[in-house]
Amino acid sequence: MSTTAPRTAIVSALHDELASVLALMPDEHRQTVAGREFWVGHLHGQDVVAVLSGIGKVAAATTATLLIQRFGVDRMVFTGVAGGLGAGVNVGDVVLARQFLQHDMDASPLFPRHEVPGYGRARFGADAALTDALELACDRMLRTLPQQLGAETVAVFGLHTPRLHQGLLISGDRFVATTLESQTLQRDLPEALAVEMEGAAFAQVCHDFGVPLAVVRTISDRADDAAHVDFPRFLREVASRYSGALMDTLLRA
């Protein structure tokens, strides 16, 4: 572990999001480990390692472990997209995780549904201090960036008043994209704000190693049959720019 300034891992789920971060790094160099490309360098003078998480909980857990044991990171920030679940969590909004849960974890009847065996808990927490800092970055970004995306982009994706939500983020090895699945999750986990495929795995690994974690997700759709967003365009014109602006703001502070 670093004994001076912390080494920060910046993790994204998709290439376009990571590219927006790499564009901010003046001196990154690539190292390939376990089939993953880790970009080591600096952002605003801070020591960073940027990497794609891989899709799903196993790939995410492997990446998180490598970041800690091979690259010695002291904290992790994950930025990506997710499907909205909570009431009022709409396309273009941002969800900042305070807790994580695996919605497909079920070792019942040996353990209560959603509880992770051996831990006596279903939920893992985000690091409060790092998440508070990311909250400030989110607030600043949402006050300025949407107006810079262009009138057409704002109109197409309805980004007139994007909001920040904080609370429970749920993860599972299933891409949720039907109304039935979405309604089932809303019924079983009414506190859940959004659903994705990696955050809870990162949270469990970071818990094991005592490494602070913060996760922020941009809502790309409502994870149901009504999802009609042009995803590649949303990723390129909205989510990628959100991710770059958030990391720029967070590490500039």
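A polar contact is a pair of N or O atoms within 3.5 Å; within protein, one of the two must be able to donate a hydrogen and the other to accept it. The legends below describe close-up views of a predicted model.

View 1. The backbone nitrogen of Glu198 lies 3.2 Å from a polar atom of the side chain of Glu196, a residue of strand E9, which covers residues 192–196. Glu196 has a relative accessible area of 5% and is therefore counted as buried, since the cut-off for that word is under 20%. Leaving out residues up to four places away in sequence, Glu196 touches Val81, Ala82, Leu169, Ile170, Ser171, Gly172 and Arg217. Glu196 and Gly83 are 113 residues apart in sequence, and yet their C-alpha atoms are 6.6 Å apart in space.

**View 2. Gln102 and Gln204, joined through their side chains.** The side chain of Gln102 makes a polar contact with the side chain of Gln204, at 3.0 Å. Gln102 belongs to strand E6, whereas Gln204 belongs to helix H6, which covers residues 199–209. Is Gln204 buried or exposed? With a relative accessibility of 17%, Gln204 counts as buried, and Gln102, at 8%, is buried as well. Residues up to four places away in sequence being set aside, the contacts of Gln102 are Lys57, His114, Val116, Ser171, Ala200 and Gln204.

View 3. Most residues other than glycine have a negative phi, and most peptide bonds are trans. The phi of His114 is near 80°, a positive value in a residue other than glycine. His114 has a relative accessible area of 9%, and it is therefore buried.

View 4. His44 is found in the loop between strand E3 (36–43) and strand E4 (46–52), while Asp248 has its place in helix H7. The two side chains make a polar contact at 2.4 Å. Although His44 is not a glycine, its phi is positive, at about 55°. Apart from its neighbours within four places in sequence, Asp248 is in contact with Leu24, Leu43 and His44. Of these, Leu43 is 205 residues away from Asp248 in sequence, while the C-alpha atoms of the two are 7.7 Å apart in space.

**View 5. Helix H3 crossing helix H7.** The axes of helix H3 (residues 128–144) and helix H7 (residues 231–252) come within 9 Å of each other and cross at roughly 125°. H3 is therefore oblique to H7, and the crossing is right-handed. From H3, the residues that take part are Ala133, Leu134, Ala137, Cys138, Arg140, Met141 and Leu142, and they meet Tyr242, Ala245, Leu246, Met247, Thr249 and Leu250 of H7. By class, this contact consists of 11 nonpolar residues, one polar residue and one charged residue.

**View 6. Helix H1 packed against helix H7.** Helix H1 (residues 15–22) and H7 pack at an angle of about 40°, and their axes are 8 Å apart. At that angle, H1 is oblique to H7, because an angle counts as roughly parallel if it is under 35 degrees. The crossing of H1 and H7 is right-handed. Asp16, Glu17, Ser20 and Val21 of H1 meet Leu235, Arg236, Ala239, Ser240, Ser243, Gly244 and Met247 of H7. The residues of this contact divide into four nonpolar, four polar and three charged.

Key: Residues numbered from 1 in each chain as written. Predicted model: local features only at pLDDT ≥ 70, side-chain atom pairs only at ≥ 80, totals over all residues. Heavy atoms only, no water. Helix = DSSP H or I, 4+ residues; strand = E, 2+ residues; numbered from the N terminus. Buried < 20%, exposed > 50% of the residue type's maximum accessible area, 1.4 Å probe, protein only. Axes fitted to C-alpha atoms, helices over the stretch in contact; angles between N-to-C directions. Parallel < 35°, antiparallel > 145°, perpendicular 65-115°, else oblique. Left-handed = near helix turned anticlockwise from the far one by under 90°. Contact = heavy atoms within 4.5 Å. Nonpolar A, V, L, I, M, F, W, Y, C, P; charged D, E, K, R; others polar.
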